[in-house]
Amino acid sequence: NSNSPIPQICSPYYRALVRQVPEEQKEGWALLKAGLENFVKNVKPNGFYKSDEVNVCDLTLFPWAYRFY
């Protein structure tokens, strides 16, 4: 799904970890931060991503967010 935040978070995370060139790693971290910020902007007051109920984005991204915090 092109509206899913999952690729905006998972792919940059691996880019930052796997790439060996420091500039590519920095780009990965910057893209990851932007993806997380986009995700957070779209979390509704009840705590779910663009929904009144838990959805696949919430379940998929929770472990990633948990690792960062």
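Two rings of Phe, Tyr or Trp count as an aromatic pair if their centres lie within 6.5 Å. With that in mind, welcome to this predicted model, in which Tyr13, Tyr14 and Trp29 form one aromatic cluster. A search of the whole structure finds four aromatic pairs.

**Aromatic rings**

- A pair of aromatic rings is described by the distance of the centres and the angle of the planes.
- Among the four pairs, Tyr13 and Tyr14 sit edge-to-face, with 5.9 Å from centre to centre and 65° between the planes.
- How accessible are these two tyrosines? Tyr13 counts as buried at 15% relative accessibility, while Tyr14, at 48%, counts as partly exposed.
- Phe39 and Tyr49 make a stacked pair, because their ring centres are 5.1 Å apart and their planes meet at 5°, where under 30 degrees counts as stacked.
- This pair ties together parts that are ten residues apart in sequence, because Phe39 lies in helix H2 (residues 22–41) and Tyr49 in the loop between H2 and helix H3 (56–68).
- Phe39 is buried, with a relative accessible area of 14%, and Tyr49 is buried too, at 6%.

**Where H1 meets H2**

- Two packed helices are described by the angle between their axes and the distance between the axes.
- The axes of helix H1 (residues 6–18) and H2 come within 7 Å of each other and cross at roughly 160°.
- H1 is therefore roughly antiparallel to H2, since angles over 145 degrees count that way.
- The crossing of H1 and H2 is left-handed.
- On the H1 side, the contact includes Ile9, Pro12, Tyr13 and Leu17, and on the H2 side its residues include Trp29, Leu32, Leu36 and Phe39.
- Sorted by class, the residues of the contact between H1 and H2 are ten nonpolar, five polar and three charged.

**Where H2 meets H3**

- H2 and H3 pack at an angle of about 125°, and their axes are 12 Å apart.
- That angle makes H2 oblique to H3.
- H2 passes H3 in a left-handed crossing.
- Which residues make the contact between H2 and H3? From H2 come Trp29, Leu32, Leu36 and Phe39, and from H3 come Cys57, Asp58, Leu61 and Phe68.
- This contact has seven nonpolar residues, no polar ones and one charged residue.

**Residues to look for**

- Trp29 belongs to the aromatic cluster with Tyr13 and Tyr14, takes part in the contact of H1 with H2 and also in the contact of H2 with H3.

Terms used:
Residues numbered from 1 in each chain as written. Predicted model: local features only at pLDDT ≥ 70, side-chain atom pairs only at ≥ 80, totals over all residues. Heavy atoms only, no water. Phe/Tyr/Trp six-rings, centres within 6.5 Å; stacked < 30°, edge-to-face > 60°. Buried < 20%, exposed > 50% of the residue type's maximum accessible area, 1.4 Å probe, protein only. Helix = DSSP H or I, 4+ residues; strand = E, 2+ residues; numbered from the N terminus. Axes fitted to C-alpha atoms, helices over the stretch in contact; angles between N-to-C directions. Parallel < 35°, antiparallel > 145°, perpendicular 65-115°, else oblique. Left-handed = near helix turned anticlockwise from the far one by under 90°. Contact = heavy atoms within 4.5 Å. Nonpolar A, V, L, I, M, F, W, Y, C, P; charged D, E, K, R; others polar.
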